[in-house]
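Please look through the structure below, chain by chain.

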Amino acid sequence: MTSALPLPPTTPRVPAGPTTAQRADVIVIGAGALGAACAYFAARAGLSVLIVERGQIASGTTSACEGNLLVSDKEAGHELDLSLYSQRVWREDLAEFQRLWEFESKGGLVVARTETSAANLRDLAVRQRDAGIQVTDVAAEEISGFEPNINPELRGAAFYPQDAQLQPILMAAHLIRLARTLSPTSLLTNTEVTGLIREGDRVTGVRTSRGDYSGGAVINAAGPWASTIAQMADVSVPVLPRRGFVLVTEPLPKTVFHKVYAGEYVAATLSSDGGLQTSPVIEGTPAGTVLIGSSRERVGFDRTSSLPVLRQMAREAADLFPVLRKKKIMRFYAGFRPYCPDHLPVLGHDSRAPGLWHAGGHEGAGIGLSAGSAKLLIQSMVGERPDLDITPFTPDRFAENSYADR
Amino acid sequence: MPTAEPEPAPNTITFDGEPIPARPGQTVGAALTEAGIRSWRETRKNGRPRGLFCGIGVCYDCLLTINGQSNQRACLAPAEDGTSCESGSGEEGLRDGGTDE
Amino acid sequence: MVGPMSETTDLLVVGAGPAGLAAAVTAADHGLRVMLVDAGPQPGGQYWRHPDERYPVADESAGHHGWKVLTKLRDRLRVHRGAGHIDYRPGTQVWFIEAPKTESSPWYVYTTASVEAQPDHVPTGSVRAMRIVLCPGGYDRQLPVPGWDLPGVMAAGGVQALLKGSRTLAGRRAVVAGTGPFLLPVAVGLAEAGAEVVAICEAGNLTGWAKNVTGAVQVPSKGVEGAEYAKALVKHRIPYKTSTAVTRIDGDGQVQSAVLTALDRRGRPRSGSERAVEVDLVAFGWGFTPSMELVQAVGAETRIGSDESLIAVVDDMQRSTASRVYIAGEATGVGGAMMAVAEGELAGLGAAGDNGSSIDGARVRKLRGIIRRSAAFAQAMHHAHPVPARWTDWLTEDTLVCRCEEVTYAQVCHARDDLSADEARSVKILARPGMGWCQGRVCGFACAKIAAANEDRDLSPDDLARMSKRSLATPVSLEDLADLTLE
């Protein structure tokens, strides 16, 4: 295999060498979940790939999330279509690799703390069933059969067998490793994109802290920083950071068996409120830790730890799983969801800047949606008819200045 | 300073129900060590025995259950008379326990 | 249990070891209201760990150096406590620090009990402080060795803590191994308490020591200590083997033997030189790792010290780069107890002076001299006792690097070599070393070295900082977090 890119597989922290332009079929900006998935499907399509990453593999949002593949928090619509499609990609196209990233089809249990909330859950389940989601109503007295350690006072629940979880950092790293086996693929870490190379409106490459690289296509997979990259092409992609914290417990024997969250979570994901919202989302991991979410607030890229937020999350978790009260929190982390004001991903070619593609804006669903989004994007790029119409996600929907939501 | 007792009577702690002598001021880890007990929990993955390692509260290897409180550091906890210690870090208290690995 | 929000104190001192005690009493001497929190049950820290003061023993000072320095500091602490100048809180750990919201508002420091298994343990609470002196000390630095997770393998400091604090022998037949002068008191302490010490294995070749004699003679007391230990080694017939490492430990359920291997001039194990010795205790120490989580929590700048540890950057009054935070002791560079006492006193003077008290300029100059000479000595010591350059040569694929998460050397290498993790943080998030109970305190240095080895480069502050940054300085229960009192 001859490499189109004579680059080392890893990048020492030495000053950049000569800045002679180097070329790849596809340049991917960002080595997170979306960037890695795009690299993998591009390599699978026979394209040579260069990934340019400001930090390290999965060092942004991908290492600060819970690794969810959810259908339970969706209603009929384009995002659900994408979600169901992506489920198929994870479970079929990538089936053989599932253990590499600890894919666990554990199912999700959405719980209600009041009779009203339980009734709302049942209504939602009816609509979701019509839309193709598998969901079972769970009566109050059946809940402990799913979760023996849960608060016995809950009034009802719904079970979603399709909900799954994976370890997103391993997923990103392995997809990049796999891409290398399929096509010439290079990764530049600690390399910041400082500008885009333009020929008229066209985007033909990237300028980086290590020199210039030209590409047949440039994919903006910069996560919550996607708007910065878009601005380099003088186009607007209104992706904004929405901060979330996750608390991590001490390693425990299996205590939480499914992804468990309160019905209010669905409302929170669909909300555009910039203020703080919390709703309990609890799940175990193969490492034994229990991950406790969730919070959402629009505070820019402020990483300052907020005790009021952590306390609120702790209260909600302790209420849902009283057995966790005495357990230790070992650490917590903060991450930034790539939030898009219309709650739809930004996926596909940007006709305002030909040659530039976007893969992002999935807010809190990026891990689950990454495989499907990437496959569709690459199908579109190589001129195949995408398995699912991605025009609802087109970046072209952002006419200049129409989103002043900053 | 309090007045010295010339020969303080040995305390007794229990380890998995067995009495273990302890001198006043000793830690649980020290009392177990003197009783010839060097490990009191098994690791989650490989079931390897663990006891004192850093000895000063840093490594958390020496976790056990003390007076019903799980995950206590034996190297720090005082072996006061009547202290009850259980091997294992206390994760067994959860229903449907057992590791998933 | 949650305590009420307390009043704002002039100065919070974290740690009641040599540096913290000196800082607290010095600041109190100058009229500051001081709070002194310490994870230990009584003053002294790791260096002056001693039997429970509630049950006095005749030989309280056994095995100690500079004991009179402690008793004087302890007496001054007692006087200041009696007068209400120092609020001393033993058994208390800091788990979180919040930066001041404005230039004139206090730091918020959140604390919890270090031992919870007693009904009367201190409640979770918080402290407001205008200034902070951090004296978090340190612990033995560790390198993975095949078999090092067997019961009976301990940190040298842990072996000594058992002796000093509980008068307990960790084993009957021991080898003390690693590098650095601290191996000497541990071996001698074991021997004097009745254990047989088969050998001290010092990985360094000590040939570099002669070049640094000027550093050594500038601190005469160190020379005296060295002579005492030399006599004790002769008396107890303890062989002191330089250029030697324990490279494997074997046993069924606990330590039964250790393999001693000679190291060549480049720090590589010499094959064919292996010799197994029957022991029931292996005490390891490869120098010290300063506790840096609180230093990082306040956002203070760090650098790599002469022993490859991450240490805090401080000015000539022990001020860190974080506003109104002073740092003293091992966290500014491992240099021993007397240097820590001097730094602590200087930090106390710094805090007092910055708080508006007048301080003695001559004393400041004298302390700076002590610190300068001690630091020169420490640096010479560090250069004489490096971590062997090729320590990874003695690892096998299944040697545990991370004891908590049971991550093997092969798994760390897989993350580094196959999954493009060329920095410590990536190794950590991919292979999980440092993600367990100790949060990387034990394996952080080794992981950073292994990650850097891929590119054959020196450690950067980032490598270590990423393994020692902890969102929570110590674990805290979910209910303590849920029931937290906030203003």
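In chain A, 13 residues of domain 1 are in contact with twelve residues of domain 2, where contact means that the C-beta atoms of two residues, placed from the backbone, lie within 7 Å. This is a predicted model, in which local features need pLDDT of at least 70 and side-chain atom pairs count only at pLDDT 80 or more, while totals for chains, interfaces and linings use all residues. Residues are numbered from 1 along each chain as its sequence is written, and chains are lettered from A and ligands numbered from 1 in the order in which they are written. Domain 1 of chain A consists of 22-64 + 168-238 + 343-397, and domain 2 of 108-161 + 240-339, with bounds that come from an automatic or database domain assignment. The centres of these two domains of chain A, taken over C-alpha atoms, are 30 Å apart.

Chain C holds an open sheet of three strands in the order β12-β13-β14, with antiparallel pairing; strands here are DSSP runs (E, at least two residues), numbered from the N terminus, and two of them pair if DSSP finds at least two bridges between them. In general, strands of a sheet pair through backbone hydrogen bonds, either parallel or antiparallel. Between β12(C) and β13(C), which covers residues 257-262, the antiparallel pairing runs over six bridges, and V246(C) stands opposite L260(C) in β13(C). Because β12 (244-250) and β14 (275-278) of chain C each have a single partner strand, they stand at the edges, and one side of each is left without a neighbour in the sheet.

Methods:
Helix = DSSP H or I, 4+ residues; strand = E, 2+ residues; numbered from the N terminus.
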